[in-house]
Amino acid sequence: MESFENNARITTIQIAKRSVAAIFTEDPDQLREIASDVFLIPTVSRLSFFNHNKKLLGHFPTTDQFPENAVEGFLGPAPVFSLNENLAIAVVPVILEGLKPEKGEKGGEIIGWTSCHFSLLGVHQQLRSLTWSLILSAVTVTLAFFFFTFFLERWVNKPLIQLIEKVKFIAGGDLSVRVDSAATHDEIGALGEHINIMADALQKHTVGLETLVRRKSDEIEVRERQLMYQEKMASLGRMSANIAHEINNPLNYVGMGLDYLELREEKLKNTDGKSFAEDSSERQKVFSDIRHGFSRLKGILESLRKFSRTDETEVQDYFFQEVLLDTQRIFERELKLSEVKLETKISSTRQLHGSMVRLQQILLNFFRNALDVFEESHTSSPIIKIEVRELNNQIVIHFEDNGPGIPPEHRNRIFEPFFTTKPPGKGTGIGLALCFELAAREGGLISLGDSTMG
């Protein structure tokens, strides 16, 4: 209501300023023109003009009877505003020289008054109309929001959530999932169709990739077998002279024993067997040498047979000592010639389960590398230490030598295929790489550590 009162005061003052000339000349036509403009304001219900003698010059609307005492007591030198339940009356004096004198000057002369009645019923109706309009607008907005939310949930949000869930399955690798693109015919449905097309293409491509990977894996496995076999044969070739010497020694035992027996046979024929009992101890020694020679031959050939087997995938239970003994037999002569001291410490008696051939291939490469390094570096008092122990329910095999070690710049590359520091023709560069792969196939790991030997 305070806003309404201020608007009523301002409106009446503006009417008073405009009606100065019309009241001074008491021109009814000008007053009628002013009134016609004022009644464009919906809350104005009555407009009256008075001259300086408080005589009524004009009353609008003209059909309305103006009560004589309607503004009695309001026609004074100051503006008056009266408000009751249904009506507001504003009376403003019309001053010839302005409403407010300047400082030090005499105020203007009052030549009349303007009285304006404002109907609060119209304001109330407007307020009610505005209130109902606001309520109707709020209801309309609420219903629109509800229907929009329902539409968003039914036609946008729900299909979008389903689309996201299906895409998550596809992104997770389940290419059998398809989006139900027939549920909607908008952009989401079109997106679902394109996702299905993409999934079909991915599934087809994946099947082709899986086939290619299997074929390449088989080829790689065959190639690895070939490389490992070639490495075995290369190792055997490097050891052939030593192995031939190892075989030659027991053969000499056997040959000399047979020669001795043949000579004794000839002597027995000439003596009619009379001296047979006399050389019994010598014969026993010959037989012992022959048995020792055969035993050595059998051990060497058995070790070579195990090592040269191509079926390295045969799984069995075995002891580490068995593999170590077979490997020692192959390198026995080289170890003696190089005066290599072999120290073993086996604190675990647990059986290993897997491929003996793979472990023997690993040990053989370790021995071969150590012996080559001893020879190249002219290591004095060469030592190889092998320790087997249990740690956290695992078998740990520690292989160490007192050679010059591996240079820092090569430590990160020793397991690279075809990387070697040996001169041409001395090494293939695939020994340690194959050892790393063979250990992985056995469920183990080969790592390079720092030597504890001075």
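1. Start with Asp 326. This residue sits in helix 7, which covers residues 320–337. The model is predicted, so read every value here as computed from that prediction.

2. Is Asp 326 buried or exposed? Asp 326 is buried, because its relative accessibility is 3% and buried means under 20% relative accessible area. Its side chain has a partner: a polar contact of 3.2 Å links the side chains of Asp 326 and Arg 329.

3. Five strands form an open sheet, paired antiparallel, in the order 2-1-5-4-3. Strand 2 (56–60) and strand 3 (80–83) are the edge strands. Each of these two pairs on one side only. On average, neighbouring strands in the sheet are turned by 10° against each other, direction ignored.

4. Look at strand 1 next. Strand 1 spans residues 44–51 and runs antiparallel to strand 2. How many bridges join strand 1 to strand 2? There are four. In strand 2, Gly 58 stands opposite Phe 49.

5. A helix goes with these two strands. Helix 3, residues 28–38, lies across strand 1 and strand 2. Its direction is at about 155° to strand 1.

6. Last, the cysteines. How many disulfides does a search of the whole structure find? The search finds zero. Cys 116 has a relative accessible area of 0%, so Cys 116 counts as buried. Cys 435 has a relative accessible area of 1%, so Cys 435 is buried too. The cut-off for buried is under 20%.

Notes. Residues numbered from 1 in each chain as written. Predicted model: local features only at pLDDT ≥ 70, side-chain atom pairs only at ≥ 80, totals over all residues. Heavy atoms only, no water. Pairing = 2+ DSSP bridges. Axes fitted to C-alpha atoms, helices over the stretch in contact; angles between N-to-C directions. Contact = heavy atoms within 4.5 Å. Disulfide = S-S within 2.5 Å. Buried < 20%, exposed > 50% of the residue type's maximum accessible area, 1.4 Å probe, protein only. Polar contact = N/O pair within 3.5 Å; in protein donor to acceptor, adjacent residues only side chain to side chain.
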